[in-house]
Amino acid sequence: MTHIVLAGKENQKGFSVYDPTMGSGSLLLNAKKISNEPGTISYYGQELNTSTYNLARMNMILHGVDIANQHLNNGDTLDEDWPKDEPTNFEAVLMNPPYSAKWSAADGFKHDARFSKYGVLAPKSKADFAFLLHGYYHLKDSGVMAIVLPHGVLFRGAAEGKIRKILLESGAIDTVIGLPANIFFNTSIPTTVIVLKKDRANRDVLFIDASNDFTKGKNQNVLVEHHLEAILKAYRERENVEKYAYLADFDEIVENDFNLNIPRYVDTFEEEEPISLAEVAEESAEIERELAEAKMELAQMAQGLTGLTAEAQQELDQFMRVLNGEEIQGGVRHE
């Protein structure tokens with residue numbers, strides 16, 4: 001995500017990055033690794049949990065971030081907008097919020113500048129779009145935002161569908177990237193990265209399906225360097241790549257009723273190899289031969305057995321008849 005929001009701005013001095021659900025600050029600190037001017041980056045972040053907020057502050061210090069460049073706040077991102085004092089908009093917004101979290105969705109938020117233009121609010125049971133709209137509100141006109149969310153935001157209807165429609169009509173949604181399952185510590189579900197911009201000249205959407213590109217780790221899947229490079233290459237070139245990337249124009253988005261479910265656009269279907277009936281018949285015959293040999297060996301091993309009681313002997317006799325291919329029905333032998 002950080003590579004995407006900093007693409008082409010690696011040499012920029014005074015770059016500002018904002019994470020309103022920063023956790024321990026790892027996404028913010030990734031900017032330091034990518035920028036060629038790390039000492040000039042301004043970090044803005046907010047975290048609800050006080051212990052995690054303090055951990056983020058410590059993380060900044062441990063990674064050598066100057067105190068003057070740290071602008072961190074302990075608060076509830078949705079209930080109370082922050083920051084309200086300048087600067088309020090940033091060149092990069094990075095977010096990995098809690099998925100489908102509950103929030104109040106109180107009517108008063110319909111007049112909040114972050115949400116008012118959409119006419120509806122994200123549902124109380126799923127704050128995904130509330131987080132997205134908060135981050136987008138704080139994005140500079142020339143900035144790039146990347147947010148990780150569950151796939152449901154791509155196709156769910158009702159209020160979420162209305163918000164998604166308005167975003168698409170304004171050209172806000174630039175790219176949708178499908179990620180593999182189990183790559184984040186906080187969830188095992190597959191997720192999607194939505195890239196948003198404010199200064200776009202058109203309304204097409206690039207879809208990238210990277211859901212099968214991962215290296216299996218001991219406890220979770222990992223995106224290694226060549227997987228990230230493939231995503232970035234597709235993002236930069238913005239061209240169709242068979243079974244991987246597809247650039248959908250706005251008319252196609254409309255035809256799909258503003259549904260952004262990735263399989264509607266990126267066809268990853270793999271045809272199965274044609275089955276040879278001759279090979280199936282040969283395999284079936286081989287299995288029958290192996291079964292016959294196994295029965296013969298078992299019958300030879302059972303020849304020397306004797307039942308210790310009349311009942312045990314009767315069961316043994318029945319077993320031998322079955323091995324010899326005789327059918328037992330109602331105690332009567334049918335050869």
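Let's start in a loop: Pro87 sits in the one between strand 3 and strand 4, where helices (H or I, at least four residues) and strands (E, at least two) are DSSP runs numbered from the N terminus. A cis peptide bond joins Glu86 to Pro87, with omega at about -5 degrees. Pro83 lies in the loop between strand 3 and strand 4 too, and the peptide bond from Trp82 to Pro83 is also cis, with omega near 0 degrees.

Before going further, a word on what you're looking at. This is a predicted model, in which local features need pLDDT of at least 70 and side-chain atom pairs count only at pLDDT 80 or more, while totals for chains, interfaces and linings use all residues. Residues are numbered from 1 along each chain as its sequence is written, and side-chain values use heavy atoms, with hydrogens and water left out.

Now the overall picture. The chain has nine helices and 13 strands. Of its 335 residues, 44% are buried, meaning under 20% relative accessible area, against over 50% for exposed and in between for partly exposed (1.4 Å probe, protein chains only). If you take the contacts (heavy atoms within 4.5 Å) between residues at least 6 apart in sequence, 72% of them join residues at least 24 apart.

Nine strands form an open sheet in the order 3-2-1-4-5-7-6-8-11, with mixed pairing. Strand 3 (70-74) and strand 11 (245-248) are its edges, each pairing on one side only. From one strand to the next, the twist averages 15 degrees. Two strands are said to pair if DSSP finds at least two bridges between them. As a reminder, strands of a sheet pair through backbone hydrogen bonds, either parallel or antiparallel.

Strand 2 (residues 42-47) pairs with strand 3 in the parallel sense over five bridges, and Gly45 has Leu72 as its bridge partner in strand 3.

Further along the sheet, look at strand 6. Strand 6 (residues 173-178) is largely enclosed by the rest of the structure, because six of its six residues are buried. Five bridges join strand 6 to strand 7 (residues 191-197), and the two run antiparallel; Ile173, for instance, has Leu196 as its bridge partner in strand 7. With strand 8 (residues 205-209), strand 6 pairs in the parallel sense over four bridges, and there Val176 has Phe207 as its bridge partner.

Is Thr192 buried or exposed? Thr192 is buried, with a relative accessible area of 0%. A polar atom of the Thr192 side chain lies 2.9 Å from the backbone oxygen of Ile177. Not counting residues up to four places away in sequence, the residues that Thr192 touches include Val148, Val176, Ile177 and Ile262.

What about the packing around the sheet? A nonpolar core here is a set of buried Ala, Val, Leu, Ile, Met, Phe, Trp, Tyr and Cys residues joined through side-chain atoms within 4.5 Å. The largest one has 47 residues, and Trp103, Leu132, Leu167 and Phe207 touch the most other members. Among the elements giving two or more residues to this core are strand 4 (90-95), helix 4 (128-137), helix 5 (158-169) and helix 7 (250-255). Helix 4 supplies the largest share, six residues. A second, separate core of 37 residues includes Val5, Tyr43, Met60 and Tyr244.

Helix 4 lies across strand 1 (16-19), strand 4, strand 5 and strand 7, and runs at about 160 degrees to strand 5; axes are lines fitted to C-alpha atoms, for helices over the stretch in contact, and angles run from 0 to 180 degrees between N-to-C directions. In helix 2 (residues 26-34), the buried residues are Leu27, Leu28, Leu29, Ala31 and Ile34. Their cover includes helix 1 (2-6), helix 3 (50-62), strand 1 and strand 2.

Ser100 is not a glycine, yet it has a positive phi of about 50 degrees; Ser100 is found in the loop between strand 4 and helix 4 and counts as partly exposed at 28% relative accessibility. Arg238, also not a glycine, has a positive phi of about 55 degrees and lies in the loop between helix 6 (225-237) and strand 11.

Terms used
Polar contact = N/O pair within 3.5 Å; in protein donor to acceptor, adjacent residues only side chain to side chain.
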